[in-house]
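Thank you all for making time this morning.

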Amino acid sequence: MEVRWFRSEWSKMVHRNRQGKDIPESQMEEYAGRTELFKGLFHKGNVSLLLKKVTVKDEGEYTCFVISKAQDAEGTVNLNVANVGLEPVVKISGYQGSRIKLTCESDDWYPKPSIKWLKENREVNTGILEKQTSNSRGLLKVESSLEVTNDLHNRYTCTITNILLNKWLESNLQISGEFFPHVTGWLVAFWILFILLLAGIGGVFYFYWKRRKQRTIVKGLYLRPTIPQYEELAAKLKLNSTVNSGDLTVEIGDLTGNGDLTVEIRDLTGNGDLTVEIGDLTVGSGDSTVGNEDLTVGNGDLTVDIGDLSVDNGDLSVGNGDLTVEIGDLSVGNGDLTVEIGDLSVDNGDLSVDNGDLSVGNGDLTVEIGDLSVDNGDLTVEIGDLTVGNGDSTVGNEDLTVGNGDLTVDIGDLTIVGGVLCEIWYSTGQELNHEKERLLNEIESEKLLHLIEWDKMLRCAVSVSLDPDTANGNLDVSQDQTMVKDGGGWRNVTENPTRFERYPFALATEGFKTGKHYWEVEVGESCNWDLGVAKETVQRKGRITLNEEHGYFVIGRYWEKYEVKNAAKTEILVSEKPRKIGICLNYDEGIVSFHNADTKDQLYVFHTAFTETIFPFFCPWRSQETLKITPVTLEN
């Protein structure tokens, strides 16, 4: 029997005993002379470790591993180190205004203790500062500071507690009121005079600001228009205007001010052309409102040329006339925006519709175009950003015909927050048939290429055999070295550096340093197995982790789950359970691929770079099902 106590890694040996004899040469230097086993209790199953002269560095996890003919066993123990330090010292360390700063210090604690301040047996939780430092032995020196003011008692207690051991030490300090600094009368008088001076200066500035504001108001009164000037302006801008057959043009140059600007047009009705042109509309700090109750143009033209057009809750509608809107941003808050165009016909010219940003808050956006016909010209529709908040967006065409020209539809960003995009038609039935035929041809080509690659891989087949000198003592390797399974118990095997000591692993006799090689392993109905390749220098003693970082490129089955042996435990999805696994090693390109040899489906691929000899890897775990290396021929 062999007993091993070690730290986080197999090589960090704390104590080793074999056949009842200690082996000190394999022990770490820092544990020399400090460890001992209870050999007289081995027959009772007691393999405990006695550790003497414990230090902070001894804290952590310890693993016990027992190897015997009956079975292998393993267990872990976590060692916590604790120490109660020296009695705390409480002293006055300085002054902060009218306060005294108290400091509580103590050395040789571990782990970090809890520090509490008490004043007349009541805990003080505010104004406490703590810090800690460690000495050469790893023990902690702790310090806590507290600022206090003068009162009737002035008695303070500092308590330091080791929570792990539930032990504490405390010290008391009684402070006489004479130690607290006192405020002199001249200092109080100075601050009162200083505050009065600041109040006086503030009053002078306030009086100056109020006088200046009054002068500005009086100056503005002289700039207001006289009553005759106001009546003349009102006559030009009538509240109700009617145009029967003529054209109505309202031109306003620049409007600038700091007050409230309101322009209201109630009812405008007629068959003529209505043009509203506004240059620059600027309002400093007031409110600007442009509102329409009903804006209707019969058969005339409506032209609105402004910077921003905003309709909050109303409807914007144009019947049969021509609508020209040249704006930067078009925004509708909660209303509906409807643009209906009957027939647009251009013989030889070009038709262009340009929009900057079109935004509808919670309403519905509907754009309906009947027939668009362009004989020889070009039709261009350019839309910048189209955003709909919570409404529905519908873009539909009945007939879209372009004779010999070009059709260009350029849409920047289409965003629908809570609505539904109903219709987008692009391809014709004939185009879809061509696309379907092209995809079918691509699929047939891919199948043919896959068969060609499979044939190339089979032509790289090699003969591999199991190496008994690497097989773990629990494995049973067949005499012809082509089959391996769990042997049901530990066999009497000779120890050597290449043998796997702890886990049921084995390598092949053949190793590869160049070229492309393929072999197959029959797994049958086995529910637990791992297969792949391993580097020559992989760890073979103690605890082993199967992943790329440790030199193993392996996949396997764990009951009903197939997975890659990596840190993420990547799951492999299979259409049917593979009974024979094909493994292909392309050393020069650093590729290891796994296949279902019966269906020719690829299971997984590793990509890496190899610099040393690579060996086939086998692991049947505790399964009685045999892993069998099968010959590969081109007939397969």
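I will start with the chain as a whole, then take the sheets, the cores, a surface patch and the salt bridges.

First, the ground rules: this is a predicted model, so local features need pLDDT of at least 70 and side-chain atom pairs count only at pLDDT 80 or more, while totals for chains, interfaces and linings use all residues. Residues are numbered from 1 along each chain as its sequence is written, and side-chain values use heavy atoms, with hydrogens and water left out.

The protein chain has three helices and 43 strands, where helices (H or I, at least four residues) and strands (E, at least two) are DSSP runs numbered from the N terminus. Of its 636 residues, 32% count as buried; buried means under 20% relative accessible area, exposed means over 50%, and partly exposed is in between, with a 1.4 Å probe and protein chains only. The accessible surface of the protein chain comes to about 40200 Å², with 51% of this belonging to carbon and sulfur atoms; the areas come from the Shrake-Rupley method with a 1.4 Å probe, and for residues only the protein chains shown count as cover. Taking contact to mean heavy atoms within 4.5 Å, and looking at contacts between residues at least 6 apart in sequence, we find that 65% join residues at least 24 apart.

Now to the sheets, where two strands pair if DSSP finds at least two bridges between them. Five strands form an open sheet in the order β3-β2-β1-β6-β7, with antiparallel pairing. β3 (21-22) and β7 (72-79) stand at its edges with a single partner strand each, so one side of each has no neighbour in the sheet. The partner of β7 is β6 (residues 60-67), and the two pair in the antiparallel sense over eight bridges, with Y62 standing opposite V77 in β7.

Further along the chain, I would draw your attention to β39 (residues 580-586). How many of its seven residues are buried? Seven of the seven are, and both faces are covered, with K580, G582, C584 and N586 on one side and I581, I583 and L585 on the other. β39 runs antiparallel to β34 (residues 516-522), joined by seven bridges, and E520 stands opposite G582 in β39. β39 also runs antiparallel to β40 (residues 591-596), through six bridges, where the bridge partner of N586 is I591. β39 and β40 form a hairpin with four residues between them, and G590 in the turn has a positive phi of about 65°.

That brings us to the cores, a nonpolar core being a set of buried Ala, Val, Leu, Ile, Met, Phe, Trp, Tyr and Cys residues joined through side-chain atoms within 4.5 Å. The largest has 33 residues, and W519, L531, I581, V592, F594 and F618 touch the most other members. Apart from it lies another core, of 17 residues, among them V90, I100, L102 and I115.

On the surface, W186, L187, F190, W191, F194, I195 and L198 form a nonpolar patch with about 770 Å² of accessible area together. The patch rule takes residues with over 30% relative accessible area and no salt bridge, joining like charges within 9 Å and nonpolar side chains (Val, Leu, Ile, Met, Phe, Trp, Tyr) within 5 Å. L187 has its place in helix α1 (residues 185-221) and, at 31% relative accessibility, counts as partly exposed.

Finally, the structure holds 23 salt bridges, each a side-chain nitrogen of Lys or Arg within 4 Å of a carboxyl oxygen of Asp or Glu. One of them joins the side chains of E495 and R18 (3.1 Å, N to O). E495 lies in the loop between β32 (483-486) and β33 (506-507) and R18 in strand β2 (residues 13-18), so the pair ties together parts that are 477 residues apart in sequence. E495 is exposed, with a relative accessible area of 59%, whereas R18 is partly exposed at 33%. E2, R4, R16, R18, E495 and E501 are linked in a network of salt bridges. A second pair, E453 and K456 (3.8 Å, N to O), lies within helix α3 (residues 429-458), three residues apart, about one turn of the helix.
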